[in-house]
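Follow this chain from its metal sites to its sheet. Keep the sequence at hand as you read.

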Number of protein chains: 2
Amino acid sequence: MLSISEENYLKTIFNLSDSGKKQVSTNSISKFLKTKPSSVTDMIKKLTVKKLLYHKKYKGTNISSNGKKLAIQIIRKHRLWEVFLYEKLKFKWDEVHKIAEELEHISNEKLIDKLDKYLKYPKIDPHGDPIPNKDGKIDIKQIIKLSNLSIKDVCIVSNVNDEDGNLLEYLNKIKIHIGCKIKVFDVIDFDKSLEIEIDSRNKVFISNRVAENILVTKIN
Amino acid sequence: MLSISEENYLKTIFNLSDSGKKQVSTNSISKFLKTKPSSVTDMIKKLTVKKLLYHKKYKGTNISSNGKKLAIQIIRKHRLWEVFLYEKLKFKWDEVHKIAEELEHISNEKLIDKLDKYLKYPKIDPHGDPIPNKDGKIDIKQIIKLSNLSIKDVCIVSNVNDEDGNLLEYLNKIKIHIGCKIKVFDVIDFDKSLEIEIDSRNKVFISNRVAENILVTKIN
DNA sequence: TAAATATTTTAGACAAATCTAAAAATTATT
DNA sequence: AATAATTTTTAGATTTGTCTAAAATATTTA
Ligand SMILES: [Mn+2]
Ligand SMILES: [Mn+2]
Ligand SMILES: [Mn+2]
Ligand SMILES: [Mn+2]
């Protein structure tokens with residue numbers, strides 16, 4: 001059994017490593033979790049003893065296959081709770097992440113199984129992130145950043161960064177949501193901002209920064 | 001903001017004090033929470049500084065009105081989650097208490113408001129305990145122990161002790177549940193055990209000990 | 001009411017998770 | 001390659017919640 005802190009570190013390392021593909025630096029973990037690098041070093045040692053991480057002094061950290069399995073189960077819980085909060089309790093999509101950060105640490109396998117069933121085995125969370133199944137398997141779609149599209153491209157929004165509440169609020173305002181259709185009308189050379197049309201209705205300009213945080217699947 | 005430990009102590013003291021009516025001994029808290037008396041003394045000091053308890057060395061502990069308010073809100077959360085687990089996720093009534101012990105510590109007022117609404121503002125939890133409303137008000141019914149009834153009395157089960165999973169499992173087995181009707185057929189002089197008929201169907205004997213843990217409202 | 005017993009508190013220790021300050025190692029710059 | 005800057009680790013401290021052992025107080029029993 002892991003403590004809440006251990007779970008948060010493990011999940012963060014899994015995410016920062018791009019699902020275990022890359023090495024993670026001590027500083028990046030410390031920045032993400034808003035703890036000091038020295039605290040991160042301590043926790044890395046602890047999780048390494050538990051064989052959830054590999055670590056060589058001064059070199060960087062990799063997640064082990066056991067670590068991956070545990071991290072994916074935490075993510076599964078997080079995203080199922082997000083669906084519950086969004087679908088059943090009618091929270092806005094920019095409110096669910098913070099609450100799910102707490103709910104994800106409740107450990108009872110039967111609870112998660114029953115929640116999954118109750119929600120009818122959802123495949124994605126309210127931000128378009130895939131929900132791992134009980135065995136840890138994750139459906140991955142071919143997705144690209146909206147900022148990579150060109151004039152006249154059309155796409156469906158499949159995912160947005162759920163870490164930043166301000167971004168989600170802004171997307172609410174301009175009516176961008178998971179599953180909506182976006183057509184690129186113009187790409188401004190000066191700052192790479194985009195003029196887009198959302199669901200064949202409202203036309204707006206969005207910055208390149210915003211476009212980088214919206215993941216889409218091209219449909220033409 | 002209270003820690004999970006502080007919340008558990010506060011709730012325990014509220015319950016052991018019979019909703020604030022009685023003084024609570026250090027040992028009784030320690031027994032209930034399975035911690036040592038010295039740990040209890042430490043926590044009492046901390047909660048006294050926060051003005052949630054009154055305490056005089058060697059004399060005993062009383063809960064303050066602020067402490068009562070907080071305890072009632074934790075109980076509200078606990079019982080609402082129990083209703084969710086029982087009604088929506090279809091857990092058995094003997095399974096929900098343990099999980100609710102964790103869920104009750106998630107602190108987000110909007111979450112509890114929305115959960116309450118979603119469950120249609122339930123008045124009692126799966127064990128018949130009243131759910132305090134948002135302002136902390138609790139409906140109290142005229143309830144007595146089943147063990148206090150006499151031959152030919154009829155009653156409705158309104159509450160059972162939810163702390164002991166074994167009791168709940170046993171009640172499941174003999175089909176006693178909240179709202180069921182019980183008629184007393186005989187009271188055995190020797191050990192005060194009862195012969196009862198449940199919902200005009202199955203007749204069984206139950207021990208005095210069991211009858212003491214079933215609260216009912218008389219209907220004749 | 002004095003002694004025995006039980007309860008409660010104090011003193012000091014420990015593990016977990018964090019921090020600051022300083023040392024060690026790595027990486028970037030001249 | 002030497003120096004400067006950055007990153008990472010170590011050493012030691014702090015807070016929270018727990019423990020054991022012993023001391024202080026209260027209660028029960030003889
Ligand atoms: Mn999230
Ligand atoms: Mn979390
Ligand atoms: Mn309960
Ligand atoms: Mn609890």
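The donor residues of the manganese ion (ligand 4) follow the spacing N-x92-E-x2-E-H in sequence. Asn8(B) sits in helix α1 (residues 4-16) of chain B, and Glu104(B) in the loop between α5 (96-103) and α6 (109-118) of chain B; the pair links distant parts of the chain, 96 residues apart. Helices are DSSP runs of H or I with at least four residues, strands runs of E with at least two, numbered from the N terminus.

This is a predicted model: local features need pLDDT of at least 70, side-chain atom pairs pLDDT 80 or more, while totals for chains, interfaces and linings use all residues. Residues count from 1 along each chain as written, chains are lettered from A and ligands numbered from 1 in written order, and side-chain values use heavy atoms, without hydrogens and water.

Which protein donors does the manganese ion (ligand 3) have? They are His78(B) (NE2), Glu82(B) (OE), His97(B) (ND1) and Asp162(B) (OD), at 2.0 to 2.2 Å. Donors are N, O and S atoms within 2.8 Å of the metal (3.2 Å for Na, K and Ca); water is not among the atoms, so sites may look incomplete. Both His78(B) and Asp162(B) are buried, meaning under 20% relative accessible area with a 1.4 Å probe, protein chains only.

Now the sheet. Six strands of chain B form an open sheet, in the order β3-β8-β4-β5-β6-β7, with antiparallel pairing. Strands pair if DSSP finds at least two bridges between them. Strands β4 (residues 154-160) and β8 (residues 214-218) of chain B are joined by five bridges. There, Val157(B) stands opposite Val216(B).

Conventions:
Buried < 20%, exposed > 50% of the residue type's maximum accessible area, 1.4 Å probe, protein only.
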